[in-house]
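Dear colleague,

I am passing on the structure we spoke about, and I would be glad if you could look through it alongside the notes below.

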Amino acid sequence: MQTVEPMLDHERLEVYQLARQHARECAALIAQLPRGRSDALEQYRRASLSLPLNVSEGAGEFAPREKARLYRIARRSADECSALLDHLVDVDMATTEQIRPAKQLLRRIVGAMVKLIQSTDRVTGRWPASVPRPPTGSGA
């Protein structure tokens, strides 16, 4: 009989698994790119690592405000990864086709992070200005 090892909080999150997948995509992409612009490649590598690490740290955090802060950092890391991919195309180190899989993952990650942030903000009482507040009271 096979036993299942217990999972930590972050391992249960689909967005964490997507972030890990993106980090692997980042490593594979960097391995196939021409040498040069090591600053941009290193920044992309670091941002792609920051993403799952901050998701993980946020998932394990009990304090709602700190949890939301860590999720926001992870979301910003995803945005940074996307901008770095655009930059690699802009400087002719990568093609749009080469970055497409990573960009698709990042879109999914950002969507999931926004939902996590919003759910955490509901708990803390913070609410993003761009999101309509739900109706309050009985409505009668």
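The notes that follow concern charged side chains and their pairing.

This is a predicted model, in which local features need pLDDT of at least 70 and side-chain atom pairs count only at pLDDT 80 or more, while totals for chains, interfaces and linings use all residues. Residues are numbered from 1 along each chain as its sequence is written, and side-chain values use heavy atoms, with hydrogens and water left out.

Taking a salt bridge as a side-chain nitrogen of Lys or Arg within 4 Å of a carboxyl oxygen of Asp or Glu, the count comes to 7. One of them joins Glu14 and Arg108 at 3.2 Å, N to O; since Glu14 lies in helix 1 (residues 14-32) and Arg108 in helix 4 (residues 96-124), the pair ties together parts that are 94 residues apart in sequence. Helices here are DSSP runs of H or I with at least four residues, numbered from the N terminus.

Another salt bridge links Lys103 with Asp86, with 2.8 Å between the closest N and O atoms. Lys103 is buried at 15% relative accessibility, where buried means under 20% relative accessible area, exposed over 50% and partly exposed in between (1.4 Å probe, protein chains only); Asp86 is partly exposed at 34%.

Lys67, in helix 3 (residues 64-90), is buried yet has no salt bridge, and the nearest side chain of opposite charge, Asp9, is 6.1 Å away. Lys and Arg count as positive and Asp and Glu as negative, with His and the chain ends not counted. Asp9 itself forms a salt bridge with Arg12 (3.3 Å, N to O).

Methods
Helices (H or I, at least four residues) and strands (E, at least two) are DSSP runs, numbered from the N terminus.
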